[in-house]
Amino acid sequence: MVKAKKLLLQYANVFSSNEADIGKTGLVRHKINTGQELPIRQRPRRLPVAREKEVETMIEGMVKDSVIEPSSSPWCSPVMLVKKKDGSMRFCIDYRRLNDVTKKNSYPLPRIDDTLDMLIGVKWFSTLDLKSGYWQVEIDPKDKEKIAFSTGKGLWQFKVMPFGLCNAPATFVRLMELVLTWLIG
């Protein structure tokens, strides 16, 4: 237990200190390979008038957290709101058309049965949780413009990996493998 405490204190700077402290990693960057495809520009979807202020607040929060920035991209995907189980709204971007022209990554996702087999005989278990996992992975600068979106009021692009991109899970698994290899290593 003393070793764990010492390790945690040694790397205290990697832990979030408040809600806005998301942090970023430089270990991997998400790339979006669309080959020679021309930019896809979709019109914004109409959002419910009753939700406009809520959407503006979400945008302001993402700007404040350094997750998005203004864009002048030729690409644009529409925003949509999806109701969560608790009744609140989730801010989503419809990247289906972008995903259609993105070359798929063949990096393998782990098999659950293999992962469970590795736990045989283990006496200590722990969990690691990231503050905002995907948002802690930067986007390759040359691909930021491809993930631009609009609510009908301005054009924005993510500075970090958003949800909804076809290769995002593989990028995240690659990151976790690097981190866990380093921890165990």
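Q: Before anything else, what counts as a helix or a strand here?
A: Helices are DSSP runs of H or I with at least four residues, strands are runs of E with at least two, and both are numbered from the N terminus. Please keep in mind that this is a predicted model.

Q: Fine, then where does Phe 125 sit?
A: Phe 125 lies in the loop between helix H4 (112–117) and strand S5 (137–139).

Q: Buried or exposed?
A: Phe 125 counts as exposed, because its relative accessibility is 57% and the cut-off for exposed is over 50%.

Q: Which residues make up the nonpolar patch on the surface?
A: Phe 125 forms that patch together with Ile 112, Leu 116, Leu 119 and Val 122, and their accessible area together is about 500 Å².

Q: Switching to the whole chain, how many helices and strands are there?
A: The chain has five helices and seven strands, and from the N terminus on the elements run α-β-α-β-β-β-α-α-β-β-β-α. Of its 185 residues, 34% are buried, while the accessible surface comes to about 12800 Å², with 58% of it belonging to carbon and sulfur atoms.

Q: And the sheet, what is the strand order?
A: Five strands form an open sheet with mixed pairing, in the order S2-S7-S6-S3-S4. Strand S2 (68–70) and strand S4 (89–93) are at the edges, and each has a single partner strand, so one side of each is left without a neighbour in the sheet. On average, neighbouring strands of this sheet are turned by 40° against each other, direction ignored.

Q: Which helix packs on that sheet?
A: Helix H2 (residues 52–64) does, touching S2, S3, S4, S6 and strand S7 (155–158), and its direction makes about 65° with that of S4.

Q: In which sense do S3 and S6 pair?
A: Strand S3 (residues 77–83) and strand S6 (residues 148–150) pair in the parallel sense, over two bridges, and Phe 149 in S6 is the bridge partner of Ser 77.

Q: Back to strand S4, is Ile 93 buried or exposed?
A: Ile 93, which belongs to strand S4, is buried, since its relative accessible area is 11% and buried means under 20%.

Q: What does Ile 93 touch?
A: Leaving aside residues up to four places away in sequence, Ile 93 touches Ser 77, Pro 78, Val 79, Phe 149 and Phe 158. As for Leu 81, this residue and Ile 93 are 12 residues apart in sequence and 8.5 Å apart in space, C-alpha to C-alpha.

How values were computed:
Residues numbered from 1 in each chain as written. Predicted model: local features only at pLDDT ≥ 70, side-chain atom pairs only at ≥ 80, totals over all residues. Heavy atoms only, no water. Pairing = 2+ DSSP bridges. Axes fitted to C-alpha atoms, helices over the stretch in contact; angles between N-to-C directions. Contact = heavy atoms within 4.5 Å. Patch = residues over 30% accessible without salt bridge, like charges linked within 9 Å, V, L, I, M, F, W, Y side chains within 5 Å. Areas by Shrake-Rupley, 256 points an atom, 1.4 Å probe, with all protein chains shown as cover. Salt bridge = Lys/Arg side-chain N within 4 Å of Asp/Glu carboxyl O. Buried < 20%, exposed > 50% of the residue type's maximum accessible area, 1.4 Å probe, protein only.
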